[in-house]
Amino acid sequence: MADSENQKFCLQEVLESFKSCLSPEKEIYIEHYVSGWKGLVKLLNSLGSLFGFISKDAVSKTQILMNFLKSENGPHYATVQSMVKFELDNKLVDVDKKGIYPESGCRTLLRLHRALRWLQLFLERLRTSKEDDKTSVMCRDAYNESLAQHHPWLIRKSAGMAFYSLPVRPAFFEVMNVGTPEQVVDVLGKAVPLLCEVYQITEELYQKHNLLDLP
């Protein structure tokens, strides 16, 4: 397969990755979480260079998590739940905001977790949108509801410019590489609840351990 084909976003692939994310006990496998994010990065890259500010960050965060998975402590990083337990038990997280562990697994995943909320909200708006609805407005509203509160002014300004450059809804549906608009809506109807469930499980776990505000 050509490189350009490998770089193409496919909504179905993201759906499969996030479907594999959850164990029967609702634990989140980090390997499949990262795989799902690699698909989402392709989506961000297909939207234009202005989305690079989120895309590059997501790439570096997924790499950090993969490095943990491949390390001697890899088994502790098999799931989000085991990672949180391992890092808290071994005091590898900046719960007291000292900034000693800027690349802890918990902090790294938190950044992806926040971005996942934005994409989940955006894709849900896309799913329920009408043909003449503006993707720029959907994306901006989803961002303001989620990631914006964690970004400094300059990033929020760049984000605002990026949203205006988004393709119109029909072109956006083509980017999904699923088929007809009806098929896109159908796959989004399966993918969005999965993203929502993965987000919710992580949110509750982080809330329980006071990890939602890691610096």
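A crossing of two helices is called left-handed if the near helix is turned anticlockwise from the far one by less than a right angle, and right-handed if clockwise. By that rule, α5 passes α10 in a right-handed crossing. The structure is a predicted model, in which local features need pLDDT of at least 70, side-chain atom pairs count only at pLDDT 80 or more, and totals for chains, interfaces and linings use all residues. Residues are numbered from 1 along each chain as its sequence is written, and side-chain values use heavy atoms, with hydrogens and water left out. Helices are DSSP runs of H or I with at least four residues, numbered from the N terminus.

- Helix α5 covers residues 80–89. Its buried residues (buried means under 20% relative accessible area, exposed over 50%, partly exposed in between, with a 1.4 Å probe and protein chains only) are Val-80, Gln-81, Met-83, Val-84, Phe-86 and Glu-87.
- These buried residues pack against α3 (30–46), α4 (52–70), α6 (105–128) and α10 (181–208).
- Just after α5, Lys-91 takes a positive phi of about 50 degrees.

**α5 with α10**

- Two packed helices are described by the angle between their axes and the distance between the axes. Axes here are lines fitted to C-alpha atoms, for helices over the stretch in contact, and angles run from 0 to 180 degrees between N-to-C directions.
- The axes of α5 and α10 cross at roughly 15 degrees and come within 11 Å. That makes α5 roughly parallel to α10 (angles under 35 degrees count as roughly parallel, over 145 as roughly antiparallel, 65 to 115 as roughly perpendicular and the rest as oblique).
- In contact terms (heavy atoms within 4.5 Å), α5 contributes Val-80, Gln-81, Met-83 and Val-84, and α10 contributes Ile-201, Leu-205 and Tyr-206.
- By class, this contact of α5 with α10 has six nonpolar residues, one polar and no charged. Ala, Val, Leu, Ile, Met, Phe, Trp, Tyr, Cys and Pro count as nonpolar, Asp, Glu, Lys and Arg as charged, and the others, Gly among them, as polar.

**α4 with α6**

- Helices α4 and α6 pack with their axes 9 Å apart, at an angle of about 140 degrees. The two are therefore oblique to each other.
- α4 passes α6 in a left-handed crossing.
- On the α4 side the contact uses Ile-54, Ala-58, Lys-61, Thr-62, Ile-64, Leu-65 and Phe-68, which meet Gly-105, Arg-107, Thr-108, Leu-109, Arg-111, Leu-112 and Trp-118 in α6.
- The residues of the contact of α4 with α6 divide into eight nonpolar, three polar and three charged.

**α2 with α3**

- The axes of α2 and α3 cross at roughly 160 degrees and come within 8 Å. That makes α2 roughly antiparallel to α3.
- The crossing of α2 and α3 is left-handed.
- α2 makes the contact through Glu-13, Val-14, Ser-17, Phe-18, Ser-20 and Cys-21, and α3 through His-32, Tyr-33, Ser-35, Gly-36, Trp-37, Gly-39, Leu-40 and Lys-42.
- The classes in the contact of α2 with α3 are six nonpolar, six polar and two charged residues.

**The nonpolar core**

- A nonpolar core is a set of buried Ala, Val, Leu, Ile, Met, Phe, Trp, Tyr and Cys residues joined through side-chain atoms within 4.5 Å. The largest one has 69 residues, and those with the most contacts inside it are Tyr-33, Trp-37, Met-83, Trp-118 and Tyr-206.
- Leaving aside neighbours within four places in sequence, Tyr-33 is in contact with Phe-18, Cys-21, Ile-28, Leu-109, Leu-112, His-113, Leu-116 and Val-198.

**Loop residues with positive phi**

- Most residues other than glycine have a negative phi.
- Lys-26, which is not a glycine, has a positive phi of about 65 degrees. Lys-26 is in the loop between α2 (11–21) and α3, and it counts as partly exposed because its relative accessibility is 40%.
- Asn-177 has a positive phi near 50 degrees. It lies in the loop between α9 (169–175) and α10 and is partly exposed, at 33% relative accessibility.

**Two residue pairs**

- Ser-23 lies in the loop between α2 and α3 and is buried, with a relative accessible area of 5%. Ser-23 and Thr-79 are 56 residues apart in sequence and 9.2 Å apart in space, C-alpha to C-alpha.
- Asn-67 lies in helix α4 and is partly exposed, with a relative accessible area of 44%. From C-alpha to C-alpha, Asn-67 and His-209 are 24 Å apart in space, and 142 residues apart in sequence.
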